[in-house]
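Here is a short tour of a protein chain for you to follow alongside the coordinates.

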Amino acid sequence: MPTDSVRRVRRCLSVSWLLLGLAGAASGQVLTSPVPGRSPAPAVPAQDAPAAIPGQGPGVHSPLSPFAPLKPREDVVAWSVLTDVKTQLRNRRIVPVYPMAVMALNHKTQRVQGFMLPLDAGEQQRHFLLTSVPPSCPFCTPGGPESMIEVRTRAPVKYSLSAVVVEGTFVVLMDDPTGLYYRMTGAVAVK
């Protein structure tokens with residue numbers, strides 16, 4: 001019998017593939033489910049299809065979210081700057097093309113505000129993703145790679161469901177094998 005975690009992953013995959021199928025149907029593509037026994041998502045008219053494929057793009061803070069959206073701050077890099085990334089196909093790979101405003105942040109100390117998506121178990125985190133919107137599913141990222149930063153801290157940071165601010169060396173990743181666009185090292189939590 002599947003555990004609760006396995007059931008949640010299957011449910012999340014089913015919903016993701018349903019949404020991908022809806023987006024594919026609108027573009028004339030028919031996507032099939034990777035889960036055995038599942039049928040392809042039904043075709044829908046183009047006007048009812050989502051604007052973007054889930055898991056890509058800067059993410060949207062749901063008005064139904066129990067978490068407050070990020071409050072504007074002058075002392076942090078705005079997510080609108082970080083999410084203004086284009087992509088292009090090079091050698092059969094999709095790679096990011098960063099604007100000058102993003103490249104100007106590279107290898108400099110920066111502050112960023114966001115929501116923690118832990119990568120390790122425990123209340124104290126040294127390695128996590130910082131995202132522009134709060135996660136809505138424990139197994140799904142809330143947006144595309146331009147809306148998250150891999151963070152490695154000097155000292156553990158207490159996990160929080162509320163927004164946090166971290167400061168560290170900000171690195172723009174040109175061709176990361178994990179698909180990430182940004183990393184922050186030597187980070188510390190700030191108020």
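## Strands β3 and β6

In this predicted model, strand β3 covers residues 108-118 and strand β6 covers residues 164-172. The two run antiparallel and are joined by seven bridges.

## The barrel

Both strands belong to a closed barrel of five strands, in the order β3-β4-β5-β7-β6. Pairing around the barrel is mixed, and from one strand to the next the twist averages 45 degrees. As a reminder, strands of a sheet pair through backbone hydrogen bonds, in either a parallel or an antiparallel way.

## The β1-β2 hairpin

Now move to strands β1 (residues 86-90) and β2 (residues 93-97), an antiparallel pair held by five bridges. Here Thr87 has Pro96 of β2 as its bridge partner. Two residues lie between the strands of this hairpin, and Asn91 takes a positive phi near 50 degrees.

## The chain as a whole

Stepping back, the chain has three helices and seven strands.

Of the chain's 191 residues, 34% count as buried. The exposed surface comes to about 11700 Å², with 58% of it supplied by carbon and sulfur atoms. As for contacts between residues at least 6 apart in sequence, 60% join residues at least 24 apart.

Methods:
Residues are numbered from 1 along each chain as its sequence is written. This is a predicted model: local features need pLDDT of at least 70, side-chain atom pairs count only at pLDDT 80 or more; totals for chains, interfaces and linings use all residues. Side-chain values use heavy atoms; hydrogens and water are left out. Two strands pair if DSSP finds at least two bridges between them. Helices (H or I, at least four residues) and strands (E, at least two) are DSSP runs, numbered from the N terminus. Axes are lines fitted to C-alpha atoms, for helices over the stretch in contact, and angles run from 0 to 180 degrees between N-to-C directions. Buried means under 20% relative accessible area, exposed over 50%, partly exposed in between (1.4 Å probe, protein chains only). Contact means heavy atoms within 4.5 Å. Accessible areas come from the Shrake-Rupley method with a 1.4 Å probe; for residues, only the protein chains shown count as cover.
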